[in-house]
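Colleague: I'd like a close look at one part of this model. Please keep it brisk and walk me through what surrounds that part.

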Amino acid sequence: MQATRRPIIFVAHGLGGIIVKSALIHSYAAQKTALKDHRSIKLSTYGIIFMGTPHQGSDGVQFGKLLMNIASVFVAVDDCIDKYLERDSEWLQQQLSQYGLISRDFTTKFAFEEFLTPTKLGPLIIVVPRASAVVPGAAHTETIAMHADHINMVKFASKEDIGYRTVSSHLWIMTQDATAIVRSRWEEENRIDTGMQTGFLSWVGSDEV
């Protein structure tokens with residue numbers, strides 16, 4: 001039980017950020033269904049650092065196929081992923097809308113790449129431009145410029161690496177309030193559950209009289 005209530009801070013790179021948002025949206029929806037165990041994800045999540053996540057999709061290229069061309073990246077990509085990740089796709093906009101309803105409950109950092117990334121075909125490109133990596137108007141957010149390309153923004157040579165120092169400093173700041181905030185959420189959740197159980201037992205008791 002205690003493990004499910006530990007504070008969570010996600011660090012998600014690229015498409016991993018899309019998956020994290022989907023998980024949090026699902027967790028929020030589960031609070032109103034029989035899947036009560038799933039709600040612990042959202043309740044325990046204090047913050048997220050999105051590292052080059054294409055929130056707005058890819059601009060002018062198919063992001064899935066682009067990943068195939070990036071040096072040292074070898075993944076199988078389904079054509080349907082390309083459709084979902086097109087610039088301002090309906091699916092991405094729907095996800096942004098759903099996530100926007102709960103984003104205020106988290107501390108969020110949007111990191112974007114500043115350097116061009118080499119591809120197998122030769123040209124250097126910005127894989128996820130700042131306009132896609134940063135969600136405008138989101139609450140409790142901060143933007144982080146990473147002096148690296150899309151691949152190396154999450155690879156650090158040592159603790160002295162400027163990228164490591166940047167990310168670790170943000171994580172350290174986030175951890176300072178995470179435990180207290182998440183604990184207060186669970187205390188409120190317990191009060192609500194206790195109230196509902198008490199009300200149900202009172203209703204059952206009155207029905208039996």
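Which helix does I181 lie in? Start there, then take me to the strands and the aromatic rings.

Modeller: I181 lies in helix α7, which covers residues 162-208. Keep in mind that this is a predicted model. I181 has a relative accessible area of 34%. That value falls between the cut-offs of 20% for buried and 50% for exposed, so I181 is partly exposed. Its C-alpha atom is 9.6 Å from that of T45. Along the chain, I181 and T45 are 136 residues apart.

Strand β2 spans residues 45-51. Seven of its seven residues are buried, so strand β2 is largely enclosed by the rest of the structure.

Next, the partners of β2. Strand β1, residues 8-13, is joined to β2 by six bridges. The two run parallel. A12 is the residue that stands opposite F50 in β2. Strand β3, residues 107-113, is joined to β2 by five bridges. β2 and β3 also run parallel. I49 has K109 in β3 as its bridge partner.

F50 leads on to the rings. F50 forms one aromatic cluster with Y99, F106 and F110. A pair of aromatic rings is described by the distance of the centres and the angle of the planes. The count of aromatic pairs comes to four. One of them is Y99 with F106: the ring centres are 6.2 Å apart and the planes meet at 20 degrees, so this pair is stacked. The cut-off for stacked is under 30 degrees. Y99 has 6% relative accessibility and counts as buried. F106 has 2% and counts as buried too.

A second pair is F156 with Y164. Here the centres are 5.9 Å apart and the planes stand at 75 degrees, so the pair is edge-to-face. F156 counts as partly exposed, at 32% relative accessibility. Y164 is partly exposed as well, at 31%.

Back to Y99 for a charge. The charged end of K21 sits over the ring of Y99. It is 5.9 Å from the ring centre.

One backbone detail deserves a look. Most residues other than glycine have a negative phi. H140 is not a glycine, yet its phi is positive, at about 55 degrees. H140 sits in the loop between α6 (130-133) and β6 (141-146).

Finally, the whole chain. It has seven helices and six strands. Along the sequence, the pattern reads β-α-α-β-α-α-α-β-β-β-α-β-α. The chain has 209 residues, and 36% of them count as buried.

T45 is the residue whose C-alpha atom lies 9.6 Å from that of I181. From β2, the bridges go to β1 and to β3.

Key
Residues are numbered from 1 along each chain as its sequence is written. This is a predicted model: local features need pLDDT of at least 70, side-chain atom pairs count only at pLDDT 80 or more; totals for chains, interfaces and linings use all residues. Side-chain values use heavy atoms; hydrogens and water are left out. Buried means under 20% relative accessible area, exposed over 50%, partly exposed in between (1.4 Å probe, protein chains only). Helices (H or I, at least four residues) and strands (E, at least two) are DSSP runs, numbered from the N terminus. Two strands pair if DSSP finds at least two bridges between them. Rings of Phe, Tyr and Trp (its six-membered ring) pair if their centres lie within 6.5 Å; planes under 30 degrees apart count as stacked, over 60 as edge-to-face and the rest as tilted. A charge sits over a ring if NZ of Lys or CZ of Arg is within 6 Å of the ring centre and within 35 degrees of the ring normal.
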